[in-house]
Amino acid sequence: MSVGFFQERGHTMVEGKDFQRVYHRTWKSSMLIITFHKKEEKLFGKIYNMHIPYGIEYDDPGDMILKMDRIYDLLAYPESTYETRKWDDSKKWEGTILENDNDWNYDPELADKINFDENGFVPAVIVETRYRQNGSWQGIMNAGGKKIPFRSSLEFLHLFMDYTGH
């Protein structure tokens, strides 16, 4: 049987399985958990979301920001007030894990099923991006028992870098 995709009234059919899209998108469905590791002054890790059945690896903080933005685009939340200008990225995500969200699960009962690395606890921050206005992000970073608001993706990056000691 070939893989068949269709979308109708918020449903996606993938190989005979029907996944309901999130109708009432909230910041909770777009919350990202960012794990990080440092090795020889290099910062890398994975990005998790309740709808993505695996961690999305990033190689450096710039790569993390671009992948977070792509995840928000695929989730269609938080909705961007306008599309960010790009040189030409029409094929940038082609053939990558972030080309589309066809294998993501939009079952509303996924909140308790996020898989972390098999080795147990990994340092992480929780990012609650609530808005994408004026070509940037606004939200809250939860780290070290504190909730720190950010007014832009650049400010988030500074907070993240400070928190990770990088």
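Trainee: Quick one: which residue does Arg151 form a salt bridge with?

Mentor: Glu155, with the closest N and O atoms 2.6 Å apart. A salt bridge here is a side-chain nitrogen of Lys or Arg within 4 Å of a carboxyl oxygen of Asp or Glu. Bear in mind that this is a predicted model, where local features need pLDDT of at least 70, side-chain atom pairs count only at pLDDT 80 or more, and totals for chains, interfaces and linings use all residues. Residues are numbered from 1 along each chain as its sequence is written, and side-chain values use heavy atoms, leaving out hydrogens and water.

Trainee: Is Arg151 buried or exposed?

Mentor: Exposed, at 64% relative accessibility. The cut-offs for relative accessible area are under 20% for buried, over 50% for exposed, and partly exposed in between (1.4 Å probe, protein chains only).

Trainee: OK, and how many salt bridges does the structure hold?

Mentor: 5. Among them, Asp69 pairs with Arg132, the closest N and O atoms being 3.1 Å apart. Asp69 sits in helix H1 (residues 61-75) and Arg132 in the loop between strands S7 (124-131) and S8 (138-143), so this pair ties together parts 63 residues apart in sequence. Helices (H or I, at least four residues) and strands (E, at least two) are DSSP runs, numbered from the N terminus.

Trainee: What else does Arg132 meet in a salt bridge?

Mentor: Asp73, at 2.9 Å, N to O. Asp73 is in helix H1 too, so that pair links parts 59 residues apart in sequence.
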